[in-house]
4 protein chains.
Amino acid sequence: VDFELECVSSAGARFAELAEKHAAECAVTADQHDRDGSFPRERWAELGRSGFLAATVPEELGGLGVTSIRDLVVGISRLARGDGSVAIGAAMHTTALWNFSRLMGALEQGDDAPIGRQLRLLLRAAARGRVVICVALSERGTSLGHPRVTATADGAAYRISGTKVFCTNSPAATLFLCSVRIRSGNTPDRLGFALIPRDTPGVVVRDDWDTMGMRSSGSGAVSLGDCLLPDHVVMQAGPVGSLPADMFTLAVAGALVLAGAFLGIAEHAQNITVDRIGGGPGGRGRTGPAGRSIVQAMIAENEIDLMSSRAVLDRTGHVLDRRLSEASGRSEATEMHSLMREVQCSNMVVKRAAVNVVDRCMTVSGGAGYLSDNPLSRLYRDVRAGLFMQPFSALDAPEYIGQVRLGLDTELDG
Amino acid sequence: VDFELECVSSAGARFAELAEKHAAECAVTADQHDRDGSFPRERWAELGRSGFLAATVPEELGGLGVTSIRDLVVGISRLARGDGSVAIGAAMHTTALWNFSRLMGALEQGDDAPIGRQLRLLLRAAARGRVVICVALSERGTSLGHPRVTATADGAAYRISGTKVFCTNSPAATLFLCSVRIRSGNTPDRLGFALIPRDTPGVVVRDDWDTMGMRSSGSGAVSLGDCLLPDHVVMQAGPVGSLPADMFTLAVAGALVLAGAFLGIAEHAQNITVDRIGGGPGGRGRTGPAGRSIVQAMIAENEIDLMSSRAVLDRTGHVLDRRLSEASGRSEATEMHSLMREVQCSNMVVKRAAVNVVDRCMTVSGGAGYLSDNPLSRLYRDVRAGLFMQPFSALDAPEYIGQVRLGLDTELDG
Amino acid sequence: VDFELECVSSAGARFAELAEKHAAECAVTADQHDRDGSFPRERWAELGRSGFLAATVPEELGGLGVTSIRDLVVGISRLARGDGSVAIGAAMHTTALWNFSRLMGALEQGDDAPIGRQLRLLLRAAARGRVVICVALSERGTSLGHPRVTATADGAAYRISGTKVFCTNSPAATLFLCSVRIRSGNTPDRLGFALIPRDTPGVVVRDDWDTMGMRSSGSGAVSLGDCLLPDHVVMQAGPVGSLPADMFTLAVAGALVLAGAFLGIAEHAQNITVDRIGGGPGGRGRTGPAGRSIVQAMIAENEIDLMSSRAVLDRTGHVLDRRLSEASGRSEATEMHSLMREVQCSNMVVKRAAVNVVDRCMTVSGGAGYLSDNPLSRLYRDVRAGLFMQPFSALDAPEYIGQVRLGLDTELDG
Amino acid sequence: VDFELECVSSAGARFAELAEKHAAECAVTADQHDRDGSFPRERWAELGRSGFLAATVPEELGGLGVTSIRDLVVGISRLARGDGSVAIGAAMHTTALWNFSRLMGALEQGDDAPIGRQLRLLLRAAARGRVVICVALSERGTSLGHPRVTATADGAAYRISGTKVFCTNSPAATLFLCSVRIRSGNTPDRLGFALIPRDTPGVVVRDDWDTMGMRSSGSGAVSLGDCLLPDHVVMQAGPVGSLPADMFTLAVAGALVLAGAFLGIAEHAQNITVDRIGGGPGGRGRTGPAGRSIVQAMIAENEIDLMSSRAVLDRTGHVLDRRLSEASGRSEATEMHSLMREVQCSNMVVKRAAVNVVDRCMTVSGGAGYLSDNPLSRLYRDVRAGLFMQPFSALDAPEYIGQVRLGLDTELDG
């Protein structure tokens, strides 16, 4: 692909190179896992062994040391060319570790030193490929800032109960990052985030993911039944309804990295379409479909959409790299809305474009893409997932973006 | 405006600063010139006096020394916030001089030394604000690579005859850069480019520009009636129908710089709309139109379109800056198609987005924008011009982009 | 045009035939009136002389006796092929008289007998071509149901004061149908409708219409300065904010008839485009632009849009003809929302389609359509007016339609 | 649903009533058959028993006697609200029998009397529910007018060999209507149509349909291995490449009836969405999603799309009913292109609208629609099939429509 996104850091370049290797492996099994709705455990094992899952662990702890969000986007886009389901899981995992890496130092030096030390241990284990994070924030019938899963104080411990849904990676996850509602005596409930090991008694991974697309992302429900956890694994995060800066940063970065997966899906669809009909060596040139103006125009519209997508990820990735490194580990939530607006605009560009690109490839396929054994039939279903993702779905993002641009008070709690 | 495009070079920053000053002046008279269809001579005089028109003249010759196409785009976008008609003229003028600056050194050392020296004199004059270039390539009923204006060899001179149309800046132009069909004895006709001073006997500026929009761009017809010119002002450019690398470079760069004007128009429309209804200090906030979700969503769609536009100009601008500086002054035409594809994709993104942004501002205006004394009614007409511009209009670009992507042989001659 | 809309009644057919004759006359002067922003008085005189303006006056009173809204739509679409500005004025005039014809009988037999008799006289005069109605409902800064123009009771008379805007036809109007806020002693203000003769002392037609398009529709402001009128010319219409059934019927019918004008504009744009490039006798066939797939596809998209437009006007026209004739002269406002939903859906289809059709014709014109002397440059500006029109602009209609479909309480007061 | 399409004939009304009953039955099993990719044999048995499959058999032969294409569209749209896969199969079956009913009389009186009598027997059997037609025209790698399946003359018989694909209904079909290439001695190949009973030796129904959507339509391949058939079951149809009028009529009618299925899918998606969130009795009204302007606007856009779809089917259905009954049984192919243009425009309106309606319902569902147990996840996949269907897919229709409108020679052979 000409003019595709390239990494700016050498750590990023190593990450992207690994991503391409894993994409090739994922491509072999993607259709079968899609058909079965099964989680590609062997692919995740490979991601762990190669060091890919330690991409955002600092080099001194044994990771690749990728700190650039922009480069994370690039690597995830490459992986998504093989299997979008794996890519969205890898995006969530690596961005969560990226945030832990950012927070570790600051936390170790403050009141939250036990959490900081906990993160250091976690990151060291991650560097050895022993950690898979599941970011488990969603619940049925409520919004991000208002979890119903409770963490009830019990001496120096918490008892955590409730059910999370859309828990991507859950079949392989070793650790669940959960938003909780902290209950402690008579004080008002507070928002918190808990790191819950999979082997905690009471954790039940439902593995009940059955959807139209992204079928091998393992995004089922996780039940938490009175899980007893020491208090240093629960981070206090302020009043219910208001996302703290740390988590806002994760939300901003995570949303952009996820968008990378949808670029990769779209690039893959366009590549297989052009390879099939193109005028290059071995192709049929103008005597085949490539010679039709209507087909050329559809390929062109895809190029235009891909260009927009790459460009907004490139530019917004640079903006995040600059702004988030300028910011202290703990910046103010109020400063984050303008960044989130940029990320949400980028998301809308990329995710809509990806849907349109795959749809045009379907059209150009002349019906062949509708057959189950044609990869386009998977991409068509997978790519539609992007527009649902939190914190702002396609239904919610426009109001949020407009409110920020118009200078109105707004909430992240999409 | 948050996250607007910023220049990367200090020369570019000076250019953009001047552009903002001139935009403020242009804004005062834009509506009147639009109404009259008159050319804003006083604005062009100011552009000359301030050094703005010498933006791309090398510093050692007295210019600002802007070499970055990306920064030219930024500056033109700022100027266009004041008056799009002036901005497209300034885009053509500055890009033409940018190309002359690139060519000067190479030409001085080869067979075309007389042309090189001619360009040096021209650039020196331009640095003193005495030059306004009119890029006069279009003719009725033919394409870019097949001009019908003839340059007939007559000893050490050429006699040039014919009519050019869409001659932007022509009312103020001191020099016309014209494509010609060179006729010489029995040899086949060749493509050439002539630099024709305005005071050459036989040059008649028709000043007959009367259009729906871009009414003060002075883009009327110029008749050339047997204009006698010394042969060193006519550059040989190869066979008819095939644009030479030098001109291909100008076409690539010029198309992107022009797109900057349409970003500026769209930014201006969004800015005046948000200023009118926004929730900032002095605004009515949620009690006014800004409180309506439907309005927020329209403002958001505009932000999404503006983000795409800025991002593709940013990214493609960087690509051109890197590739065109890597290339020698005279690169191969065949290498240029991939750059032109990127530029055309960018153009489609920006020009379509600009039309849509202004249209949404119209809708949000609730009818007020339809009144002649509302600037939106001018922007709505001006912004539609972008999709017509050569070498690839909205009707032609998709086939070209698709053919390049599909690896088919293609032509620039849109 | 194949498959164009045809009238179902013989009265409608006579009306459409007249419309075509007038369209041919209007076409001659449309561009000049557009350029000047002048009202085509001579065209309106012809409309009066031919009986066109008496289309909806009952036959027994000397009119054409058109009662079908669907046929009114057809006739107005034909007239709009000549001049859209005249067509929207004619649409408002004829629909207002249609409503008066409906109301006359019922009113004559009830408490409002004086108004009924007044309408009979008015319709007789209209049959002789002596009446031009201006529907003057809009005011700056308020909504349809909340006029600020006051009608203050003064004995057996009212004194009416205030300013109306968007008063289409006002330069030629003999009678202004104005919404007013009735003030009478200590009772709460009520909504009313007054019929104000032009020669009433205090009426000042500002003739200040200056817009981007629909420039010869004469839709300027009308000032009412303490106009003294007998009380039988003011119809009581219920509480402020709530449109009465009579006026709701007029609003429903009027909105659909107006949409006919935008179909006509779009048909005209497509016709002149196909005539110019088509493959018919005298055309260049496949050797010209018509041979390009990209052009064929644009012409096809226009056909698709025109088909939708014709079909929704046909179907909704039939629905109105059936439902409004079933209804008594005074049906319940609550029953009208489902009809208004249909009309607003139709309006969105037709008005968006019309904008898109003209825009594609512009693109196919390759720039020629952008020149002031090309009719497309007028159509492009005229056609944009449709999406602003009350009671529901493109900004307001979606919420209204959605609320009605979702079974929520809603208001007509857009 | 308000303003839904209603039948114009009493036969049509009976058909639509049956369709609603069957839709309710189909709705129960649609998701399971979709999941399995299995053909709903029990549903087809019911369609046979009720007389639904004899809808277009003349009353005197025991059928319902539906002759109106418009009413067929309505009934098929109702059935599609239950299961789109069944509806497209039923559309093809009933339209094929409609065409046989048209042809029967004419054929019985001419040279093709044996075929006419054959059709009479067939229609009588169909009236008893013993016939399911599979319209088997498609083949891999060729177009409609150029079949590769051969019918080689062998005395008073033909030997038919080859493979058809996209054979909707094939698991239940008793009779295959196949296009063939007739080979006879030294004469040039001719186009023909054969009626092949399922129990003919050599017929193998592959039952290999496995697609993204329309999974229970049973549209797999059918192999024909040297099937020996008497010559009166092969209709001669003229030169290869040129569809005869009889088949053109079937193609025109069939395309419109099929479009009805996509209206039904879209109506179903909108109905379940409004029922879930609407403000009616039992709904949550404005306190739920229905209270959000953004949601109202999406519901409104769906209404607008549904209105367009219903209106074009209504209008084009009427056109076909009038024109096809005016035409003799055997009209000229050249006269058919304008009708096909109308049908293709209608198809584009309906099929695009249906895709968009289901997509918006997905968005409004907030992710719930993406789950496999939500009917929207099936509708989203099913609805995409419409744009592929022959003779003109979304890729082919614009050129065809444009060529007809522009008066160019064109071919049906999409």
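**Chains, charges and cysteines**

Modeller: In the contact between the two chains (heavy atoms within 4.5 Å), chain A takes part with 51 residues and chain B with 51 residues. Please keep in mind that this is a predicted model, where local features need pLDDT of at least 70 and side-chain atom pairs count only at pLDDT 80 or more, while totals for chains, interfaces and linings use all residues. Residues are numbered from 1 along each chain as its sequence is written, chains are lettered from A and ligands numbered from 1 in the order in which they are written, and side-chain values use heavy atoms, with hydrogens and water left out.

Colleague: What area is buried between chain A and chain B?

Modeller: About 4300 Å² is buried there, and carbon and sulfur atoms give 62% of that; buried area is the accessible area (1.4 Å probe) that two parts lose on being put together, summed over both. In chain A, the residues that lose the most area to chain B are A:Phe3, A:Arg315 and A:Leu406, together 19% of what that side buries.

Colleague: How many salt bridges are there between chain A and chain B?

Modeller: The count is eight, where a salt bridge is a side-chain nitrogen of Lys or Arg within 4 Å of a carboxyl oxygen of Asp or Glu. A:Arg315 pairs in this way with B:Asp314, their closest N and O atoms being 3.3 Å apart.

Colleague: And inside chain A, which residue does A:Glu46 meet in a salt bridge?

Modeller: A:Glu46 meets A:Arg43, at 2.9 Å from N to O. The two are three residues apart in helix α2 (residues 41-50) of chain A, and therefore separated by about one helical turn; a helix here is a DSSP run (H or I, at least four residues), numbered from the N terminus. Both A:Glu46 and A:Arg43 are buried, where buried means under 20% relative accessible area, exposed over 50%, and partly exposed in between (1.4 Å probe, protein chains only).

Colleague: Switching to cysteines, how many disulfides are there over all chains?

Modeller: The count is zero, with a disulfide taken as a pair of cysteine sulfur atoms within 2.5 Å.
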